[in-house]
Amino acid sequence: MYTSPRKMRETMPQTPIFSSMLGSSCSGQVQPDMGERCVDPVYQDGNLVSGSLEALIERLVPTMDYYPDRTYIFTFLLSSRVFIHPHELLAKVGQICIKQKQQLETGTEAEKENGTVKKIISQMTQNLLMALSARSQYQEIREKFRQPVTDKGTILKAKPQSTQKDILSICCDPLILAQQLTYIELERVSNIYPEDLMQIVSHMDSLDNHKCRGDVTKTYNLEAYDNWFNCLSMLVATEICRVVKKKQRTRMVEFFIDVARECFNIGNFNSMMAIISGMNLSPVARLKKTWSKVKTAKFDVLEHHMDPSSNFCNYRTALQGAAQRSQAANSNREKIVIPVFNLFIKDIYFLHKIHTNRLPNGQINFKKFWEISRQIHDFLTWKQVECPFEKDKKIQSYLLTAPIYSEEALFIASFESEGPENHMEKDSWKTLRYKASSEHESFCRC
């Protein structure tokens, strides 16, 4: 009786899915029990937790009574570059397939088919090497023509004399601005791929082993996204510090508080954190007269969500709630989850640093890579959400190209708005004015 391949997969033993393998957070040790040292691979409660590279590769290939689960395939392919080059992995998988075919079939026809399979694998290997080479060359070219670290328009070293537009003249609705920030976030997140995230692990291994892996390319996409966070923080601080009148400055602070709150409601935690970070920069935080007029109750709630104590426990609870909402959502608007990217990267970093790649018996600590891949899988799910908001070119152009102050210019603007209050601030203000006047004289002479 004929059985469809799909039905066969459902009835065959498979490797576990993420939910049964691990919890929602990495709270315990990712070290399997080493009581079964001679077993390869090692299972705990039906879950694959470690094994030799050869045994794990064999688990990629279906047999008559086994079909690999897609989460195992995803996890192994994601982590395999730490241990083996992609073209070498393809060659080994091909060898296993040919060996299985030889065991099942004999005779002239079988030899002919094996020759065909070898040619197909050889062609696939060549295509893979060409693709990897092209990607590497593309990264090198992009690195040569990359934007400066700021990823912004002009960086102002001094407060401009002419009147310029501010964000409120472009968009005075906090919800609309939060939506446009979310549009930018999703657009930038879409450029980040699993291999970009795993390069963190590969790059650290290269540094730890004091060697340079040929397939470790610079994480341009990660840096670009990280730069966006920093630029948004500086833009928020610039918009606040450049306002001369205290009443208008207070309004600007309250506006950004409302924008951050709307970002939180949408599920855009990255923009929310960037805005809060901008308002907590020293040139903004020291404006006591301004803050005394601000209704800070909403800001206090936001800071509570981003409280760093207990490893950002409050934020992680909110993130988990947004993730659950996303899973049950029917619309893209409810599916949006944009985590604080710096914290997401740090989680992967510490997972990798705390837990070894290999166990004392030489086997790969696959339980560690289950957890790393689970987090990356969640991120990939969130980044695939289609933005439900229409693009506003005028607002986005301002957000991406508006001039931002340098750190010194922020302090100058801050001190001009509210004078220094203690000896340390007075010394800083004196130094900044002297430096600014010296640069002005030099400019005039030129």
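# Helix packing and aromatic pairs

Me: Is Thr250 buried or exposed?
Reply: In this predicted model, Thr250 has a relative accessible area of 8%. The cut-off for a buried residue is under 20%. Thr250 therefore counts as buried.

Me: Which residues does Thr250 contact, leaving aside its neighbours within four places in sequence?
Reply: Start with the location: Thr250 lies in helix α11, residues 246–266. Once those sequence neighbours are set aside, the contacts of Thr250 are Thr290, Lys293 and Val294.

Me: How many helices and strands does the chain have, and what share of its residues is buried?
Reply: The secondary structure comprises 22 helices and 4 strands. The chain runs to 446 residues. Of these, the share that counts as buried is 45%.

Me: What share of the contacts with a separation of 6 or more comes from residues 24 or more positions apart?
Reply: Take the contacts in the chain with a separation of 6 or more. Residues 24 or more positions apart account for a share of 78%.

Me: How are α4 and α19 oriented to each other?
Reply: Helix α4 spans residues 70–79 and helix α19 spans residues 366–383. They pack at about 100 degrees, with axes 9 Å apart. Angles of 65 to 115 degrees count as roughly perpendicular. The two helices, α4 and α19, are therefore roughly perpendicular.

Me: How do the residues of the contact of α4 with α19 divide into nonpolar, polar and charged?
Reply: From α4 come Thr71, Tyr72, Phe74, Thr75, Phe76, Leu78 and Ser79. They meet Phe366, Phe369, Trp370, Ser373, Ile376, His377 and Leu380 of α19. The division is 9 nonpolar, 5 polar and no charged.

Me: Which residues form one aromatic cluster?
Reply: Tyr72 and Phe76 belong to the α4 side of the helix contact, Phe366 and Trp370 to the α19 side. The cluster consists of Tyr72, Phe76, Phe366 and Trp370.

Me: What geometry does the pair of Phe269 and Tyr315 have?
Reply: The structure holds 16 aromatic pairs. In the pair of Phe269 and Tyr315, the centres are 5.6 Å apart and the planes form an angle of 80 degrees. Planes over 60 degrees apart count as edge-to-face. The geometry of Phe269 and Tyr315 is therefore edge-to-face.

Me: Which helices does this pair of Phe269 and Tyr315 link?
Reply: Phe269 and Tyr315 are 46 residues apart, so the pair links distant parts of the chain. Phe269 is buried at 2% relative accessibility, and Tyr315 is buried at 2% as well. The linked helices are α12 (residues 269–279) and α16 (residues 309–328).

Me: What geometry does the pair of Trp291 and Phe299 have?
Reply: Trp291 is buried at 16% relative accessible area, and Phe299 is buried at 5%. Their ring centres lie 5.3 Å apart, with 45 degrees between the planes. The pair of Trp291 and Phe299 is tilted.

Me: Which residues does Met272 touch, not counting residues up to four places away in sequence?
Reply: Met272 is found in helix α12 and is buried, at 0% relative accessible area. Its C-alpha atom is 7.8 Å from that of Val259, 13 residues apart along the chain. Met272 touches Ala260, Cys263, Phe264, Leu302, His305 and Met306.

Me: Over which ring does the charged end of Lys383 sit?
Reply: Arg59 lies over the face of Tyr66, 3.8 Å from the ring centre. The charged end of Lys383 is 4.6 Å from the centre of its ring. That ring belongs to Tyr193.

How values were computed: Residues are numbered from 1 along each chain as its sequence is written. This is a predicted model: local features need pLDDT of at least 70, side-chain atom pairs count only at pLDDT 80 or more; totals for chains, interfaces and linings use all residues. Side-chain values use heavy atoms; hydrogens and water are left out. Axes are lines fitted to C-alpha atoms, for helices over the stretch in contact, and angles run from 0 to 180 degrees between N-to-C directions. Angles under 35 degrees count as roughly parallel, over 145 as roughly antiparallel, 65 to 115 as roughly perpendicular and the rest as oblique. Contact means heavy atoms within 4.5 Å. Ala, Val, Leu, Ile, Met, Phe, Trp, Tyr, Cys and Pro count as nonpolar, Asp, Glu, Lys and Arg as charged, and the others, Gly among them, as polar. Rings of Phe, Tyr and Trp (its six-membered ring) pair if their centres lie within 6.5 Å; planes under 30 degrees apart count as stacked, over 60 as edge-to-face and the rest as tilted. Buried means under 20% relative accessible area, exposed over 50%, partly exposed in between (1.4 Å probe, protein chains only). A charge sits over a ring if NZ of Lys or CZ of Arg is within 6 Å of the ring centre and within 35 degrees of the ring normal.
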